[in-house]
Amino acid sequence: MPVMSSPRDPNHPGSSPMAPEEGGQISIPEIIRKKRDGETLQQEEIRYFVQTLGSGRSQEGQIGAMLMAIRLRGMEPSETMVLTREMAASGTTLDWPAQWRGLLVDKHSTGGVGDKVSLPLAPALAACGCKVPMISGRGLGHTGGTLDKLESVPGFCVSQSPEQMKEILERVGCCIVEQSQHLVPADKVLYALRDITATVDSLPLIIGSILSKKMVEKLSALVLDVKFGSAALYHTLESAEQLARNLVSVGNQLGMKTAAVLSRMDEPVGARVGNSLEVLETLQCLEGGGPGDLRELVTTLGGLLLWQSGRASSVSTGATQIGQVLDNGAALRTFQAMLRAQGVEAEVSRLLCEGTEEQRLAVLKVAGTQEELRAPEEGMEWARGRGHYKSLSSSPTHPFALALSCGCPWAGLQAGGKIEGTPWIRIHHDAPRLSQTQRETLQKALILGDVEPFNPPAKVAKILLPNGESAVPESQ
């Protein structure tokens, strides 16, 4: 059976006649002018703009100007819908066996420091019988990318053709890949320019980027992790909820059963930040351990997807099923199979999934230099909620992200442990020693004050269901 369909066949999402050629009524400068002046773009204009991306008919400066016009003027819901459909139609769409209908699920996160949730979630879902064709991205803004983390594993290949994806899904049940030149190429162009044009936080561009990639996967169910807080694109629950509701609405209109969770991003996910270190923490989660906040996100998001796809009677039942495959080793075995299927040598995958932490560190080549910072006051413990704080409000994550600029692909941060004038954080890097400015930036992440023992709140603040209703998450 064919794995791809032509972007303009009648069954392809967004299929419609081609826009007029340049020299007619539609031109890139005129489209930019209209959006700059706050006018609503017509379907043909949006289609024409998307079709010029990467073709040489629009210059990089014009694309950047259009991104800024959208960022400043916004888009009507109808414009955003057209943009998403046309981005999906810019390449090929994936095609799957009929017997997979109802099993195809995926997740997307708006990103955050230490957000490694996709790595354990995809194999956990596959271990529960789902098919997970996850198309992921790289770091954007101050957030780390799922693909960057996976590429810290020697041999892991994120570039897979649609035919290879289908084969991996048949054998393993999940794959995590990059956008190829065939899959949503228009988004690949825009995604790269959003970072350098300060348009990362544009709501229509976020919706178009996320949902166009998921649209070509032909998903039965999608869950979105929309983060809010001091180190998220959206700092307040209210602003993040606006994005989440728009994503849920557009996703369901596009034919995907879409739900969202709103999760806190005032401190990193887990206790380790940095590509290799986050793979280590992923393996802990897949062994049934690791930080509680990481497990909370994995089980909640996975539980939602199992419920949406009809494989669990409720979200809480689905979360329990995800927890079981984490605890009994099924998810870890699936992760190991995914590593092998995507190019990792057998011995490397064995050491990572069955070895000691020392063996894992040797495989991942964690940075050779480690520096520790000490707490300026005595009598507190910073252990991500596992102990008591003499003093703490919350830990801003931006300093953590900024500090990663000091190193190499294996740069990272590791936090935790008793602090009574002793180290509270360890920095891994292969660059010269931290400058005084970098040390001061990191120290600002530790906020001291006389407070009661600190119990960090649950990561998930609210769940938005496909019907638009919201729910308070059940305690896991």
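User: Which residues of helix 14 are buried?

Analyst: In this predicted model, the buried residues of helix 14 are A330, A331, L332, T334, F335, Q336, M338, L339 and A341, where buried means under 20% relative accessible area, exposed over 50% and partly exposed in between, with a 1.4 Å probe and protein chains only. Helices here are DSSP runs of H or I with at least four residues, and strands are E runs of at least two, numbered from the N terminus.

User: What is L339 in contact with?

Analyst: Leaving aside neighbours within four places in sequence, L339 is in contact with V153, F156, V344, S349, L352 and C353, a contact being heavy atoms within 4.5 Å. L339 has 0% relative accessibility and counts as buried. L339 and P154 are 185 residues apart in sequence, yet their C-alpha atoms are 9.8 Å apart in space.

User: Switching to the sheet, in what order do the five strands come?

Analyst: The order is 3-6-7-14-15, in an open sheet with mixed pairing, and two strands pair if DSSP finds at least two bridges between them. Strand 3 and strand 15 (470-471) stand at the edges with a single partner strand each, so one side of each is left without a neighbour in the sheet.

User: How many bridges join strand 3 to strand 6?

Analyst: Five bridges join strand 3 to strand 6 (residues 221-228), and the two run parallel, with V105 standing opposite A221 in strand 6. Helix 9 (residues 203-216) packs on the sheet, where it touches strand 3 and strand 6, and its direction makes about 165° with that of strand 3. Such angles run from 0 to 180 degrees between N-to-C directions, and the axes are lines fitted to C-alpha atoms, for helices over the stretch in contact.

User: Which strands does helix 10 lie across?

Analyst: Helix 10 (residues 237-253) lies across strand 6, strand 7 (257-264), strand 14 (460-464) and strand 15, and runs at about 165° to strand 7.

User: Back to strand 3, is S109 buried or exposed?

Analyst: S109, which lies in strand 3 (residues 105-109), is buried, with a relative accessible area of 13%. The side chain of S109 makes a polar contact with the side chain of D115 at 2.6 Å, and also reaches the backbone nitrogen of G111 at 2.9 Å. A polar contact is a pair of N or O atoms within 3.5 Å; within protein, one must be able to donate a hydrogen and the other to accept it, and residues adjacent in sequence count only if both atoms are side-chain atoms.

User: Which way do the residues of strand 5 point?

Analyst: C174 and I176 point one way from strand 5 (residues 174-177), whereas C175 and V177 point the other way, and all are buried.

Terms used
Residues numbered from 1 in each chain as written. Predicted model: local features only at pLDDT ≥ 70, side-chain atom pairs only at ≥ 80, totals over all residues. Heavy atoms only, no water.
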